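Here are my notes on this entry. Please read them with the coordinates open.

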Amino acid sequence: MEKKQGYSERDKDREIICQRWPELSLAEKGKYIVSYYGIVIAVVIIVIVMVVFLVRDICKDEPRDAFSVMALDMELTEEVLKNLEQGLAEGLGLDTRIYRCRIEAGHSSGRNMQNEATVSACMRSGRVDLLIAPEEEFNRYASTGYLSPLMECGLDELYEECRTEELFYAEAVNYSEARAVRDVPFRPHEISEDSKCYGVYLQDEVFGGYVAGVMVNCPNRKHIRAGMEYFLNNGNIGRREP
């Protein structure tokens, strides 16, 4: 009975306040609101603040990926990666406040099934533009359909400027033959009616002896030429003997 009476007295008090509301001063109105609805107001304010911070965090402007490179079987320090990505972005003429370049290193291909599956998934994802890899690994991916011939990527001038020993040729495997994928031809300097040019040798202190080529499903073809030139212009074109 006391609890019920307490509730009734509170309701009666509210009714009296509502009747006198027009006569109350601003300070009295504020005091009434805080005394009756303080906890609710505090909760609402906290929720609003949390929502604002969450929205700001989600909508925070971060540079968008404009060009992506995968470097296989190579360990690079964070400092080297940062410098390479910054230089690549500048070489592509990108506004680094809006766009960024990404170089993914450390992937090991062909050593075990898990590594192979990881690399293959990245390549099939459609987010990698260039592949840089040791020549035997590069040959395997070129021969099995992961890479595009340079002449089909709008890199005709680059192809014509390089000497034969600077270019990497590969043959597409014939899936109709038994064990075709395992027995991939490896004749990187042999030009034939069955071979096409898929890459260019690089030679510097970072990528010396590796080969660079274009992914068949690269998403940023408008940057392909500038991207390849970045890795070739600073003395990177190899002088390998056939």
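1. A definition comes first. A helix crossing is left-handed if the near helix is turned anticlockwise from the far one by less than a right angle, and right-handed if clockwise. Keep this in mind for point 4. The model is a predicted one.

2. Overall make-up. The protein has seven helices and seven strands. Along the sequence they follow the pattern α-α-β-α-β-α-β-α-β-α-β-β-β-α.

3. Of the 242 residues in the protein, 37% are buried. The accessible surface is about 15400 Å², and carbon and sulfur atoms hold 52% of that. Among contacts with a separation of 6 or more, 74% join residues 24 or more positions apart.

4. The helix pair α3 and α7. Helix α3 spans residues 78-91 and helix α7 spans residues 224-233. Their axes come within 9 Å and cross at roughly 130°. The crossing of α3 and α7 is right-handed.

5. Who makes that contact? On α3, the residues are Asn83, Leu84, Gly87, Leu88 and Gly91. On α7, they are Ala226, Gly227, Tyr230 and Phe231. By class, the contact of α3 with α7 has five nonpolar residues, four polar and no charged.

6. Ser125. Where does Ser125 lie? Ser125 sits in the loop between α4 (113-124) and β3 (130-134). Its relative accessibility is 40%, so Ser125 counts as partly exposed. Cys218 is 93 residues from Ser125 along the chain, yet their C-alpha atoms are separated by 9.4 Å.

Terms used. Residues numbered from 1 in each chain as written. Predicted model: local features only at pLDDT ≥ 70, side-chain atom pairs only at ≥ 80, totals over all residues. Heavy atoms only, no water. Axes fitted to C-alpha atoms, helices over the stretch in contact; angles between N-to-C directions. Helix = DSSP H or I, 4+ residues; strand = E, 2+ residues; numbered from the N terminus. Contact = heavy atoms within 4.5 Å. Nonpolar A, V, L, I, M, F, W, Y, C, P; charged D, E, K, R; others polar. Buried < 20%, exposed > 50% of the residue type's maximum accessible area, 1.4 Å probe, protein only. Areas by Shrake-Rupley, 256 points an atom, 1.4 Å probe, with all protein chains shown as cover.
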